[in-house]
Every structure is written in C-alpha cells, then in structure tokens.
Amino acid sequence: MSQNSNKNLDKNFKLMILSATILVVLFFYTMYKSSTQIEGSSYYVGLLFLFLLLVVAIFLKLKQDKIKDYFDKRGIKTNSAFENELQKQNSKDDITVKNHEFENSNIKAVTSNITFKDVAGIAEVKEELEEIVDFLNSPKKYISHGVKLPKGVLLVGPPGVGKTLIARAVAGEADVPFFYQSGASFVQIYVGMGAKKVRELFIKAKASAPAIVFIDEVDAIGKKRTGTSNDEREATLNELLTQMDGFEGDSGVIVIAATNKIDVLDDALLRAGRFDRRVFLNLPNIEDRKQILNLYLKDKKIDFDMDKLADNTAGFSSAALSTLVNEALLNMIKRKAKILEQVDIEIAKNKLQFGKKQMKILNEEQKEILCIYQASKAFVCKSKVALFDEAVPLLSSTYPSYNELIENIKRYLAGNIGVEVIKRQQYAVNSEDLKNALKIATDMVEKYKMANDANELINRVKNELRSELSHNANEINKLKEIMQRNEVILENEF
Ligand code: ADP
C-alpha cells in the first residue's frame with residue numbers, strides 16, 4: 001500500500017469524537033428549543049445512538065495502539081503522527097526532486113521484522129536504545145519539551161555481539177525503514193564517489209523519515225584524518241560530517257554506526273551533535289549466554305544441561321553461539337535423530353574451536369587468569385566489572401590533578417599486576433592497558449612537566465600496586481571466585 005493511501009487512524013479518531021460531540025450538542029439544543037412535542041421513543045433512540053457513537057469513539061481512541069498493531073500485522077500500514085508531520089515537512093523541501101537524481105541507485109531501505117524479542121541478553125543495551133524507539137513512536141512527547149535526541153548512536157564492541165541485530169531491532173520496534181550500509185561500501189577509487197554515496201544515503205533517508213541509517217564498520221571511513229594522502233576517504237568522512245550537521249535532531253533520521261574500536265575514529269565524529277551517544281557491547285556473560293541459548297533452543301527437544309553449556313562457552317560471541325547451535329542441529333540431522341544431545345554439542349564445539357574459523361572458548365586456566373585480571377581491576381577501581389569488559393573505569397575530571405593522573409595509571413595497570421601477584425608469574429593479558437598507562441605518564445612528563453621520566457613513574461606505580469595487591473591477596477581471590485561463578489562483580493561485593 002502506498003504512503004499516500006495510508007490510513008490516518010489518529011486523525012480519523014479525532015474527527016469521529018468531534019462529530020459525535022457536535023451532534024450531541026445539536027440534539028440537546030434542538031430539544032430545548034423545540035416547542036412541539038415529538039411523540040414516541042424516537043428521541044431516546046436517537047440519543048442512545050449518539051451516546052453509543054461517542055462511547056465507540058472513546059473506546060477506539062483508547063485502544064488505538066492495539067488496533068494499529070492489528071492493521072500493521074495484516075500489512076495495512078497506518079501512519080503515525082510523526083510520519084504525518086514529517087511528510088508535511090518533506091513536501092516543503094526539495095527532497096523529492098533530489099531523489100530523482102538517484103533513482104537508479106542501489107541504496108534502498110528494508111523493513112525490519114526483527115524486534116527486541118529476537119535479541120537475547122544485553123538488557124542494558126536494549127534499555128539505552130529504548131529511548132530512541134520511544135522517540136520515534138511518540139515524538140510529540142519529546143518535541144513538546146524541546147528535547148532533541150542524539151542524531152547518532154555509536155555501537156562499540158567486538159564482532160558478533162549483536163550490533164547489527166540490535167540496530168535492526170530498533171528499526172523493527174519503531175516500525176521505520178532501515179538503511180544498511182557498510183563503511184567499506186563508501187570506499188571508492190575515484191575521489192568524490194564515496195561522498196556522493198553518503199549524500200545519496202542521507203537524501204533517501206530524509207525522504208523516508210522517520211528512518212534508521214545503519215553504518216556498519218564505520219571505521220572504514222571514520223578513521224582519524226592524517227592530513228596527508230587518501231583524499232577519497234577524507235572527502236567521504238567530511239561529507240558524512242556535513243550530512244550529520246545538516247539535519248536537526250527532530251528530523252526523524254537516526255544514524256546508528258558500529259565499530260570494533262572507538263579510539264581509531266576521528267575526533268570530529270565523536271563531537272557533540274554527531275555520534276555523541278555511545279553504547280558498549282561486550283562478549284556475552286554467562287547470564288546472556290543462557291538467554292541466547294534459550295532463544296535458539298526454544299522449540300527444540302534437548303537432552304543435555306543447557307546451563308552447563310552456557311558455563312562452558314565463556315569467550316564465545318553471540319554469533320558463535322548461534323553457529324554452535326546450528327552445527328549441533330546439523331549433526332543431529334546427520335544422526336537421523338530428533339533430540340539434540342551432548343554428543344552433537346561436543347562435535348559442533350570441536351568444529352568451531354579447531355575448524356577454519358577457530359572460535360575461542362576459554363579453558364579453565366585461561367578463564368581463571370581473566371577472572372584474576374578483572375577482579376584486581378574491580379578491587380582497585382571499586383566499581384562493577386564484568387568478565388569481558390574491555391574498558392577500565394577511570395576518574396575523569398576536566399583539570400585532573402597529579403594524584404588523579406597517578407590513580408588512572410594505577411587503574412590501567414591493576415589487572416596485569418594483579419595476575420602477576422596472584423599467579424606469581426607475568427602473563428601477557430592486555431597490552432592496551434600498558435599502552436594507555438604509558439600514554440598518561442608520557443603526557444605528565446612532556447605536556448604538563450609534572451615528572452621527569454615516564455618509565456620511572458610507571459615503575460613506581462607498579463611497585464605500589466604489587467605491595468597493595470599482595471596485602472589484599474585474600475580479597476582478590478574472593479573476588480576472583482565471584483567472577484568465576486557469575487562472570488560479573490557488582491559494587492556491593494567489595
Ligand atoms: P555484529 O554486528 O556485532 O558483528 P551481528 O549483529 O551481525 O553482530 O550478529 C551476528 C548474528 O549473531 C546475528 O545475526 C544473530 O544470529 C546472532 N546474535 C548476535 N547477538 C545476538 C543476541 N543478543 N541475541 C540473539 N542472537 C544474537
């Protein structure tokens with residue numbers, strides 16, 4: 001059904017209520033003014049009819065959402081208030097004219113049939129994105145308070161944790177078109193081609209607003225600009241920045257981008273008014289893995305301990321879990337069986353761990369090392385830490401003092417030194433932490449002249465940490481056990 005022929009339920013309800021009210025008022029007025037008595041029950045039948053009309057109108061208005069869902073499920077598209085407002089706005093600008101320029105392009109929106117129900121676990125991520133869904137569903141609530149939602153949301157996390165899936169779920173929940181583009185698709189040979197594609201994407205999205213634009217692996221175009229070479233990539237990034245500046249927060253286009261690493265992105269992309277909302281996704285913890293397995297095995301007959309499987313798959317991404325279940329089912333079919341058994345799971349696990357893709361599951365010892373690393377981090381930072389959290393909770397003040405900078409170095413080093421103290425041996429766990437600690441120390445020496453030598457500073461903090469953590473070894477071991485059990489340490493567990 002075309003956009004123009006869409007039924008505008010909202011408007012019709014209002015009209016119905018208005019007409020019924022006018023009719024009731026007219027009826028009473030006529031009765032009052034009338035000098036001749038009309039015989040029989042026709043007055044009361046008429047009156048009853050009008051009241052029924054009013055009651056039906058109020059009932060329909062109250063159940064508007066359910067009725068809208070009913071029509072939507074049957075493929076009859078109903079316009080939201082937001083769509084109407086936007087259609088009015090868009091007809092005023094020249095978007096339709098510009099659209100002709102790109103008639104033959106392959107940038108097209110899809111309708112997402114994924115909703116939050118299809119995304120297992122990651123409750124906090126869903127919660128963060130619910131606001132955007134609510135904004136797209138009932139914009140008036142926000143616009144009337146002058147609230148502008150972020151134009152851009154950046155999803156940061158390793159591959160296979162559901163960044164694309166959750167973006168599609170936002171589009172599905174809000175029932176808006178979903179424009180998918182991978183960052184790499186903008187990388188072109190000829191200067192200007194990538195920029196043209198970005199422009200085209202935004203023109204199309206604005207024309208079908210409210211809409212979600214999803215740019216996967218945004219780092220392909222969003223890497224820090226060096227000022228030298230690669231004119232094409234820079235032109236493309238500049239166009240993306242220009243486009244993001246060029247629409248208002250209430251235009252109904254929300255750009256969601258995904259990346260594995262936020263620190264390679266150009267600062268301009270992260271500035272206010274662009275991707276100023278960030279949502280971090282990590283590998284699923286035990287609870288998430290249980291929920292993901294539950295989702296995939298919902299209608300299957302199984303004869304193995306699912307909780308144990310969740311426990312034994314630490315290190316698997318959500319995508320790896322989905323592949324694991326799929327491989328296990330394939331094996332079950334091969335065995336001509338109807339019940340999924342432990343043997344299917346074991347064969348699938350071996351295939352994934354040692355096959356071409358080499359998906360990693362942490363063994364007992366590796367998990368213990370990671371648990372000590374995270375437990376030491378939690379102990380020093382005194383904050384909630386999950387097993388696969390990559391970020392280190394830092395102090396962040398605009399004008400950090402010498403002590404605050406030293407505290408942040410300590411926080412970066414805590415995990416590695418904790419493992420060294422408890423295991424009485426050094427392990428190569430996380431080199432990023434060491435790099436970050438050295439960066440702060442170097443800034444203290446070179447930029448702020450607070451110290452003479454960065455390495456000396458690092459060594460001093462390391463020694464202090466060694467002594468603090470070995471004095472608290474029992475506490476760290478206790479936290480480690482909590483982490484091994486729950487894959488998360490909460491703030492109330494110190
Ligand atoms: P990313 O974009 O982070 O690389 P994807 O969203 O493409 O990951 O996820 C790949 C696949 O993994 C999805 O199509 C889905 O089958 C599965 N998956 C990922 N996260 C989840 C989740 N939270 N719940 C259910 N399935 C998931």
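Reply: Below are questions about a helix pair and a strand, with answers. This is a predicted model, where local features need pLDDT of at least 70, side-chain atom pairs count only at pLDDT 80 or more, and totals for chains, interfaces and linings use all residues. Residues are numbered from 1 along each chain as its sequence is written, and side-chain values use heavy atoms, with hydrogens and water left out.

Me: Why is H17 called oblique to H21?

Reply: Helix H17 (residues 364-381) packs with helix H21 (residues 473-486) at an angle of about 120°, and their axes are 8 Å apart. Angles run from 0 to 180 degrees between N-to-C directions, with axes fitted to C-alpha atoms over the stretch in contact. Under 35 degrees is roughly parallel, over 145 roughly antiparallel, 65 to 115 roughly perpendicular, and the rest oblique. That makes H17 oblique to H21.

Me: Which residues make the contact of H17 with H21?

Reply: Contact means heavy atoms within 4.5 Å. Among those in H17 are Cys-371, Ile-372 and Phe-379; those they meet in H21 include Ile-476, Leu-479 and Met-483. By class, this contact has 7 nonpolar, 3 polar and 4 charged residues. Ala, Val, Leu, Ile, Met, Phe, Trp, Tyr, Cys and Pro count as nonpolar, Asp, Glu, Lys and Arg as charged, and the others, Gly among them, as polar.

Me: What makes strand E4 (residues 211-216) mostly covered?

Reply: In E4, 6 of its 6 residues are buried. Buried means under 20% relative accessible area, exposed over 50%, and partly exposed in between, with a 1.4 Å probe and protein chains only. Ala-211, Val-213 and Ile-215 point one way, while Ile-212, Phe-214 and Asp-216 point the other way. In a regular strand the side chains alternate between the two faces of the sheet.

Me: How do you know that E4 pairs with strand E3 (residues 177-182)?

Reply: Two strands pair if DSSP finds at least two bridges between them. E3 and E4 have 5 bridges, in the parallel sense, so they meet the rule for pairing. Phe-179 stands opposite Val-213 in E4, and Gln-181 stands opposite Ile-215.

Me: Which strands are the edge strands?

Reply: The open sheet has 6 strands in the order E1-E3-E4-E5-E2-E6, with mixed pairing. Its edge strands are E1 (110-111) and E6 (277-280), since each pairs on one side only.

Methods:
Helix = DSSP H or I, 4+ residues; strand = E, 2+ residues; numbered from the N terminus.
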